[in-house]
Amino acid sequence: MELMDVLVQAMKLESDGRKFYETIAGHMTDPEAVMMFKRLAADEVDHFNYIERQYQALEAGKGWATIPEMATVEVIDAVSVVFPPEKEVLAELPAQPTEEDALLFALGVEDKSFKLYYNSAHTAKDPEAQKLFKQLAGAEQIHFNVLMQRYDSRYGYPR
């Protein structure tokens with residue numbers, strides 16, 4: 001897959017992620033869960049903007065741009081649509097999804113997102129492309145960790 005295609009797929013991934021987290025936040029009753037999912041949605045907007053700036057820089061022939069906001073995200077050294085459309089998400093979850101349902105679904109999606117970026121980093125030949133994809137993988141790992149921490153604190157072993 002060409003790098004520009006990966007960036008287009010990444011923008012869709014982040015846009016779909018925002019929609020998913022906003023939708024699921026609307027189904028939660030626990031204020032902490034609502035805030036967590038809204039924060040994840042806001043992160044996805046930021047990620048989309050970073051990727052879009054990168055795409056525009058490459059399209060304009062300016063090469064790989066520095067994304068200063070990503071500087072604090074650790075580079076991870078380490079393909080399909082990940083977030084299904086809103087209607088499909090709600091079809092995959094129960095009619096009234098619990099927080100546990102939402103967390104388990106989101107953990108699976110964040111894992112797929114991580115793998116997309118991680119694998120893209122390993123197939124990219126340009127060092128700047130590798131760095132961006134590893135940073136995006138790192139951001140997805142942070143989301144996974146936030147979700148897993150919430151899951152463990154609410155539903156972890158022993159039950």
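1. Buried residues account for 47% of the 159 residues in the protein chain. The model is a predicted one, and the protein chain exposes about 8700 Å², of which carbon and sulfur atoms supply 53%.

2. As to secondary structure, the protein chain has five helices and zero strands, so that reading along the sequence gives the pattern α-α-α-α-α, with helices defined as DSSP runs of at least four residues.

3. The average pLDDT of the protein chain is 83, and 84% of the residues score at least 70. Among the elements of the chain, H2 has the highest mean pLDDT, at 94, whereas helix H3, covering residues 86–92, has the lowest, at 54. Over residues 76–84 the pLDDT stays under 50, although the model has 32 contacts beyond four places in sequence for this stretch.

4. How do helices H2 and H5 pack, in terms of angle and distance between axes? Helix H2 (residues 31–59) and helix H5 (residues 127–155) meet at an angle of about 175°, and their axes lie 12 Å apart. Because angles over 145 degrees count as roughly antiparallel, H2 and H5 are described as roughly antiparallel to each other. On the H2 side the contact is made by Glu32, Ala33, Met36, Phe37, Leu40, Asp43, Glu44, His47, Ile51 and Gln54, while H5 contributes Leu132, Leu136, Ala139, Glu140, His143, Val146, Leu147 and Arg150. By type, the residues of the contact of H2 with H5 divide into ten nonpolar, three polar and five charged.

5. Gln54, which is found in helix H2, is one of the residues of that contact. Is Gln54 buried or exposed? Its relative accessibility is 1%, and because buried means under 20%, Gln54 counts as buried. Not counting residues up to four places away in sequence, Gln54 touches Leu7, Gly63, Trp64, Ala65, Ile67 and Leu132, and Leu132 is among the H5 residues that make the contact with H2.

6. Arg154 is found in helix H5 and has a relative accessibility of 40%, so it counts as partly exposed. Leaving aside neighbours within four places in sequence, Arg154 is in contact with Asp30 and Glu99. The C-alpha atoms of Arg154 and Glu100 are separated by 8.2 Å, the two residues being 54 residues apart along the chain.

Note on methods
Residues are numbered from 1 along each chain as its sequence is written. This is a predicted model: local features need pLDDT of at least 70, side-chain atom pairs count only at pLDDT 80 or more; totals for chains, interfaces and linings use all residues. Side-chain values use heavy atoms; hydrogens and water are left out. Axes are lines fitted to C-alpha atoms, for helices over the stretch in contact, and angles run from 0 to 180 degrees between N-to-C directions. Helices (H or I, at least four residues) and strands (E, at least two) are DSSP runs, numbered from the N terminus. Angles under 35 degrees count as roughly parallel, over 145 as roughly antiparallel, 65 to 115 as roughly perpendicular and the rest as oblique. Contact means heavy atoms within 4.5 Å. Ala, Val, Leu, Ile, Met, Phe, Trp, Tyr, Cys and Pro count as nonpolar, Asp, Glu, Lys and Arg as charged, and the others, Gly among them, as polar. pLDDT is the predictor's confidence in each residue, from 0 to 100. Buried means under 20% relative accessible area, exposed over 50%, partly exposed in between (1.4 Å probe, protein chains only). Accessible areas come from the Shrake-Rupley method with a 1.4 Å probe; for residues, only the protein chains shown count as cover.
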